[in-house]
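Here is a brisk report on one protein model. Keep the sequence and the 3D view at hand while reading.

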Amino acid sequence: MKNPTPASLLLLLISFSGVLSETNLQQKVFVFPEESDSAMVVVQASIQEPLTSFTVCLRYYTLLTREYSLFSYATKEQFNQILVLKPSPNQYRIYLGTVFVTFILPEKKDSKPGWEHICVSWESATGLVELWLDGEPLPRMGLLKSQCINPEANIVLGQDQDSFGGGFDASQSFVGEMKDVYMWKRVLNADEVGLVLSDYVLSDSLINWRALNYDIKGYVVLQPSQTPSPYGVQS
């Protein structure tokens, strides 16, 4: 048997690395331990065509009361192509390009901090933006009817991109824990949002927490979850 050539070893290493990059992160969390302009998770998604609809879901836990970014989808033409921002504890702001809508939540008295699950969706045909918080829908709003979203994107968790892959500001950084990040190129219906909330995996996702292709930048730590899913292990 011939010894492998350097070229074949390189190809083997590339192939092996590609397999490792898609990781099942069930019962894992990304911990963002401190305020920073360099800590983030860059997520790879195979998006081949312009998006005329999407849904992004994730679960997070933070003690922050200032503004912070959860999910940033930037293109070279528009750095806020999709941005999920939390301006204050009772507000969610969804950017699509240069325009946005703000969902204002009722103030909760004597509420304890804990995990929140959100799903954000939009469709071009109607321009409707939906926000689901812990499985409950808020009144829908409208943005960018009959428009589409460029597929060539840089996707970042925990930072707000003010340029394509850069322009980070520590004062908008996420500090806390994040898990169960998913994205689809369609609007999920109420039953599907309920399934995702219950930790079921839907098909045809662009971003899949159970097969995540990601790159950690800066001080972010992948750790076991301290709070296993109350719904048990689903598939």
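## Strand pairing

Two strands pair if DSSP finds at least two bridges between them. Strands are DSSP runs of E with at least two residues, numbered from the N terminus. This is a predicted model, so local features need pLDDT of at least 70, side-chain atom pairs count only at pLDDT 80 or more, and totals for chains, interfaces and linings use all residues. Residues are numbered from 1 along each chain as its sequence is written, and side-chain values use heavy atoms, with hydrogens and water left out.

Strand 16 (residues 212-217) pairs with strand 1 (residues 22-23) in the antiparallel sense, over two bridges. Here Glu22 faces Asn213 of strand 16. Strand 16 also runs antiparallel to strand 3 (residues 40-43), joined by four bridges. There Val41 sits opposite Ile216.

## Aromatic pairs

Rings of Phe, Tyr and Trp (its six-membered ring) pair if their centres lie within 6.5 Å; planes under 30 degrees apart count as stacked, over 60 as edge-to-face and the rest as tilted. The structure holds 10 such pairs. One of them is Tyr68 with Phe174, tilted, at 5.7 Å centre to centre and 50° between the planes. Tyr68 is in strand 5 (residues 68-75), while Phe174 is in the loop between strand 13 (153-157) and strand 14 (176-184), 106 residues apart. Both residues are buried; buried means under 20% relative accessible area, exposed over 50%, and partly exposed in between (1.4 Å probe, protein chains only). Tyr68 and Phe174 form one aromatic cluster with Phe32 and Tyr60.

Tyr95 and Phe100 also pair: the centres are 4.9 Å apart and the planes lie at 45°, so the pair is tilted. Tyr95 is buried at 16% relative accessible area. Phe100 is partly exposed at 39%.

Tyr95 is also among the residues touched by Gln81. Contact means heavy atoms within 4.5 Å. Gln81 lies in the loop between strand 5 and strand 6 (82-88) and is buried at 9%.

## Disulfide

A disulfide is a pair of cysteine sulfur atoms within 2.5 Å. The whole structure has one. Cys57 is joined to Cys119, S to S 2.0 Å. The link is right-handed, with 110° about the S-S bond. Cys57 is in strand 4 (residues 53-61) and Cys119 in strand 9 (residues 116-123), so the bond ties together parts 62 residues apart in sequence. Both Cys57 and Cys119 are buried. Cys148 is partly exposed at 48%.

## Salt bridges

A salt bridge is a side-chain nitrogen of Lys or Arg within 4 Å of a carboxyl oxygen of Asp or Glu. A search of the whole structure finds seven. In one of them, Arg59 meets Asp180, with the closest N and O atoms 2.8 Å apart. Arg59 is in strand 4 and Asp180 in strand 14, so this pair ties together parts 121 residues apart in sequence. Arg59 is buried at 11%. Asp180 is buried at 9%.

Lys86 bridges to Glu116, the closest N and O atoms being 3.9 Å apart. Lys86 lies in strand 6 and Glu116 in strand 9, so parts 30 residues apart in sequence are tied together. Lys86 is buried at 3%. Glu130 and Arg140 form a salt bridge too, at 3.8 Å between the closest N and O atoms. Glu130 is buried at 14%, whereas Arg140 is exposed at 56%.

Key:
Lists of a residue's contacts leave out its neighbours within four places in sequence.
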